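This briefing concerns the structure shown below.

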Amino acid sequence: MSDEQALNDDLPIERAPAGSLVVATLGWLFAFIAVIALRWPLDPSQPTSTGPHLMRFAPNGDEPALTLILRDLVNVGVYIILLVGAVFLLGGWIRGSRGVLRGLVVIGFLGLMYVAGMALYTGPMLAVCGFTLILFSGVVGWAASFGLPAHSIKSDNPSETSEPVILDGIGDHATHSPA
(Lines give C-alpha, C1' and ligand atoms only; values in the text may rest on other atoms or scores of the structure.)
Protein backbone atom coordinates (compact mmCIF):
# COMPACT_ATOMS: atom_id res chain seq x y z
CA MET A 1 0.00 0.00 0.00
CA SER A 2 1.47 3.33 -1.01
CA ASP A 3 1.53 6.36 1.26
CA GLU A 4 -0.86 8.23 -1.03
CA GLN A 5 -3.35 5.36 -0.94
CA ALA A 6 -3.16 5.27 2.86
CA LEU A 7 -3.85 9.01 2.97
CA ASN A 8 -6.76 8.70 0.55
CA ASP A 9 -8.30 6.06 2.80
CA ASP A 10 -9.42 8.76 5.24
CA LEU A 11 -10.66 11.31 2.73
CA PRO A 12 -14.21 12.53 3.34
CA ILE A 13 -16.86 10.27 1.85
CA GLU A 14 -19.36 11.48 -0.73
CA ARG A 15 -23.16 11.13 -1.11
CA ALA A 16 -23.62 7.35 -1.25
CA PRO A 17 -21.93 6.63 2.09
CA ALA A 18 -23.92 9.42 3.73
CA GLY A 19 -26.98 7.37 2.82
CA SER A 20 -25.27 4.40 4.41
CA LEU A 21 -24.82 6.40 7.60
CA VAL A 22 -28.57 7.07 7.66
CA VAL A 23 -29.28 3.34 7.40
CA ALA A 24 -26.62 2.54 10.02
CA THR A 25 -28.14 5.11 12.38
CA LEU A 26 -31.56 3.53 11.91
CA GLY A 27 -30.03 0.11 12.63
CA TRP A 28 -28.33 1.45 15.74
CA LEU A 29 -31.66 2.85 16.96
CA PHE A 30 -33.32 -0.55 16.39
CA ALA A 31 -30.58 -2.32 18.35
CA PHE A 32 -30.65 0.29 21.15
CA ILE A 33 -34.45 0.04 21.54
CA ALA A 34 -34.21 -3.75 21.50
CA VAL A 35 -31.63 -3.82 24.29
CA ILE A 36 -33.27 -1.16 26.45
CA ALA A 37 -37.00 -1.75 26.04
CA LEU A 38 -37.82 -5.24 24.73
CA ARG A 39 -37.88 -8.67 26.35
CA TRP A 40 -34.86 -11.01 26.33
CA PRO A 41 -34.47 -14.61 27.53
CA LEU A 42 -33.34 -14.59 31.15
CA ASP A 43 -32.38 -18.10 32.24
CA PRO A 44 -30.89 -20.53 29.71
CA SER A 45 -32.35 -23.47 31.66
CA GLN A 46 -35.89 -22.00 31.42
CA PRO A 47 -36.37 -20.74 27.86
CA THR A 48 -39.82 -19.33 28.56
CA SER A 49 -38.72 -16.77 31.15
CA THR A 50 -38.19 -13.35 29.54
CA GLY A 51 -37.61 -9.85 30.78
CA PRO A 52 -35.62 -6.66 30.21
CA HIS A 53 -32.00 -7.11 29.17
CA LEU A 54 -30.74 -5.68 32.48
CA MET A 55 -32.39 -8.61 34.29
CA ARG A 56 -29.88 -10.95 32.58
CA PHE A 57 -27.31 -9.77 35.15
CA ALA A 58 -29.29 -11.20 38.07
CA PRO A 59 -27.84 -14.49 39.35
CA ASN A 60 -30.07 -17.38 38.49
CA GLY A 61 -29.79 -20.72 40.19
CA ASP A 62 -26.75 -22.41 41.62
CA GLU A 63 -24.36 -22.01 38.70
CA PRO A 64 -20.60 -21.77 39.26
CA ALA A 65 -19.22 -18.29 39.82
CA LEU A 66 -17.03 -18.47 36.72
CA THR A 67 -20.06 -19.18 34.54
CA LEU A 68 -21.92 -16.21 36.00
CA ILE A 69 -18.93 -13.90 35.53
CA LEU A 70 -18.43 -14.98 31.92
CA ARG A 71 -22.14 -14.59 31.15
CA ASP A 72 -22.13 -11.11 32.70
CA LEU A 73 -19.05 -10.11 30.68
CA VAL A 74 -20.75 -11.19 27.47
CA ASN A 75 -23.93 -9.34 28.45
CA VAL A 76 -21.97 -6.17 29.19
CA GLY A 77 -20.43 -6.56 25.75
CA VAL A 78 -23.64 -5.57 23.98
CA TYR A 79 -23.67 -2.26 25.85
CA ILE A 80 -20.04 -1.68 24.87
CA ILE A 81 -20.91 -2.54 21.25
CA LEU A 82 -23.75 -0.01 21.30
CA LEU A 83 -21.56 2.67 22.87
CA VAL A 84 -18.73 2.15 20.39
CA GLY A 85 -21.27 2.02 17.56
CA ALA A 86 -22.63 5.39 18.65
CA VAL A 87 -19.09 6.80 18.67
CA PHE A 88 -18.46 5.45 15.15
CA LEU A 89 -21.76 6.88 13.90
CA LEU A 90 -21.02 10.26 15.44
CA GLY A 91 -17.57 10.17 13.89
CA GLY A 92 -19.12 9.23 10.56
CA TRP A 93 -21.47 12.17 10.62
CA ILE A 94 -18.76 14.61 11.72
CA ARG A 95 -15.63 13.37 9.89
CA GLY A 96 -17.03 11.08 7.25
CA SER A 97 -13.96 8.86 6.81
CA ARG A 98 -13.85 5.32 5.46
CA GLY A 99 -12.33 4.07 8.72
CA VAL A 100 -15.67 4.75 10.40
CA LEU A 101 -17.40 2.50 7.90
CA ARG A 102 -15.00 -0.33 8.66
CA GLY A 103 -15.75 0.15 12.34
CA LEU A 104 -19.47 -0.10 11.64
CA VAL A 105 -18.89 -3.40 9.84
CA VAL A 106 -17.11 -4.76 12.92
CA ILE A 107 -19.85 -3.45 15.24
CA GLY A 108 -22.57 -5.03 13.10
CA PHE A 109 -20.72 -8.35 13.00
CA LEU A 110 -20.08 -8.45 16.76
CA GLY A 111 -23.67 -7.48 17.51
CA LEU A 112 -24.98 -10.24 15.27
CA MET A 113 -22.70 -12.73 16.99
CA TYR A 114 -24.16 -11.71 20.36
CA VAL A 115 -27.85 -12.00 19.39
CA ALA A 116 -27.67 -14.86 16.88
CA GLY A 117 -28.71 -17.64 19.23
CA MET A 118 -31.55 -15.70 20.86
CA ALA A 119 -33.45 -14.47 17.80
CA LEU A 120 -36.66 -16.28 18.75
CA TYR A 121 -37.46 -13.54 21.29
CA THR A 122 -38.65 -10.02 20.51
CA GLY A 123 -35.61 -8.15 21.86
CA PRO A 124 -32.97 -10.18 20.06
CA MET A 125 -35.14 -10.33 16.95
CA LEU A 126 -35.20 -6.54 16.60
CA ALA A 127 -31.52 -6.39 17.56
CA VAL A 128 -30.73 -8.79 14.68
CA CYS A 129 -32.49 -6.39 12.32
CA GLY A 130 -30.58 -3.43 13.74
CA PHE A 131 -27.15 -5.04 13.70
CA THR A 132 -27.78 -6.38 10.19
CA LEU A 133 -28.58 -2.86 9.00
CA ILE A 134 -25.38 -1.59 10.62
CA LEU A 135 -23.30 -4.36 9.05
CA PHE A 136 -24.62 -4.02 5.53
CA SER A 137 -24.72 -0.23 5.51
CA GLY A 138 -21.08 -0.24 6.57
CA VAL A 139 -20.17 -2.70 3.81
CA VAL A 140 -22.13 -0.84 1.13
CA GLY A 141 -20.87 2.56 2.25
CA TRP A 142 -17.28 1.36 2.32
CA ALA A 143 -17.61 -0.19 -1.14
CA ALA A 144 -19.29 2.92 -2.54
CA SER A 145 -16.54 5.18 -1.23
CA PHE A 146 -13.78 2.98 -2.62
CA GLY A 147 -13.28 4.60 -6.02
CA LEU A 148 -10.84 7.49 -6.33
CA PRO A 149 -11.29 10.32 -8.82
CA ALA A 150 -9.28 9.76 -12.02
CA HIS A 151 -7.15 12.89 -11.49
CA SER A 152 -5.84 11.59 -8.16
CA ILE A 153 -4.44 8.35 -9.57
CA LYS A 154 -0.72 8.69 -10.21
CA SER A 155 1.75 6.16 -11.52
CA ASP A 156 5.53 6.00 -11.82
CA ASN A 157 5.23 4.24 -15.19
CA PRO A 158 4.92 6.87 -17.98
CA SER A 159 3.10 4.47 -20.31
CA GLU A 160 0.22 4.29 -17.83
CA THR A 161 -0.19 8.07 -17.60
CA SER A 162 0.20 8.96 -21.27
CA GLU A 163 -2.57 10.39 -23.41
CA PRO A 164 -5.10 7.93 -24.84
CA VAL A 165 -4.37 6.49 -28.28
CA ILE A 166 -6.83 7.64 -30.95
CA LEU A 167 -7.27 5.11 -33.72
CA ASP A 168 -8.14 6.71 -37.04
CA GLY A 169 -9.74 4.73 -39.82
CA ILE A 170 -11.83 2.50 -37.59
CA GLY A 171 -15.47 2.97 -38.24
CA ASP A 172 -18.15 2.21 -40.78
CA HIS A 173 -15.87 2.75 -43.80
CA ALA A 174 -12.72 0.96 -42.56
CA THR A 175 -11.03 -1.42 -44.99
CA HIS A 176 -10.16 -3.97 -42.30
CA SER A 177 -11.62 -5.11 -39.00
CA PRO A 178 -10.31 -3.52 -35.80
CA ALA A 179 -9.46 -6.91 -34.30
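Is His53 buried or exposed? In this predicted model, His53 is buried, because its relative accessible area of 0% falls under the 20% cut-off.

**Overall fold**

- The protein comprises five helices and two strands, and their order along the sequence is α-α-β-β-α-α-α.
- The protein has 179 residues, of which 31% count as buried.
- Among the contacts with a separation of 6 or more, 66% are between residues 24 or more positions apart.

**His53**

- His53 belongs to the loop that runs between strand S2 (46–52) and helix H3 (65–94).
- A polar contact of 2.9 Å links the side chain of His53 to the side chain of Tyr79.
- Apart from neighbours within four places in sequence, the residues in contact with His53 are Val35, Leu38, Trp40, Asn75, Val78, Tyr79 and Tyr114.

**Ala24**

- Ala24 is part of helix H2, which spans residues 15–37.
- Ala24 is buried because its relative accessible area is 0%, under the 20% cut-off.
- When neighbours within four places in sequence are set aside, Ala24 is in contact with Leu89, Leu104, Leu133, Ile134 and Ser137.
- The C-alpha atom of Ala24 is separated by 9.5 Å from that of Leu101, although the two residues are 77 residues apart along the chain.

**Packing of H4 and H5**

- Helix H4 (residues 98–115) packs with helix H5 (residues 122–144) at an angle of about 155°, and the two axes are 8 Å apart.
- H4 and H5 are therefore roughly antiparallel to each other, since angles over 145 degrees are classed in this way.
- The crossing in which H4 passes H5 is left-handed.
- On the H4 side, the contact is made by Arg98, Leu101, Arg102, Leu104, Val105, Ile107, Gly108, Phe109, Gly111, Leu112 and Val115.
- On the H5 side, the contributing residues are Pro124, Ala127, Val128, Phe131, Thr132, Ile134, Leu135, Gly138, Val139, Gly141 and Trp142.
- By class, the residues of the contact of H4 with H5 are 15 nonpolar, five polar and two charged.

**Links between the topics**

- Leu104 and Ile134, which take part in the contact of H4 with H5, are also among the residues in contact with Ala24.

Definitions and conventions
Residues numbered from 1 in each chain as written. Predicted model: local features only at pLDDT ≥ 70, side-chain atom pairs only at ≥ 80, totals over all residues. Heavy atoms only, no water. Helix = DSSP H or I, 4+ residues; strand = E, 2+ residues; numbered from the N terminus. Buried < 20%, exposed > 50% of the residue type's maximum accessible area, 1.4 Å probe, protein only. Polar contact = N/O pair within 3.5 Å; in protein donor to acceptor, adjacent residues only side chain to side chain. Contact = heavy atoms within 4.5 Å. Axes fitted to C-alpha atoms, helices over the stretch in contact; angles between N-to-C directions. Parallel < 35°, antiparallel > 145°, perpendicular 65-115°, else oblique. Left-handed = near helix turned anticlockwise from the far one by under 90°. Nonpolar A, V, L, I, M, F, W, Y, C, P; charged D, E, K, R; others polar.
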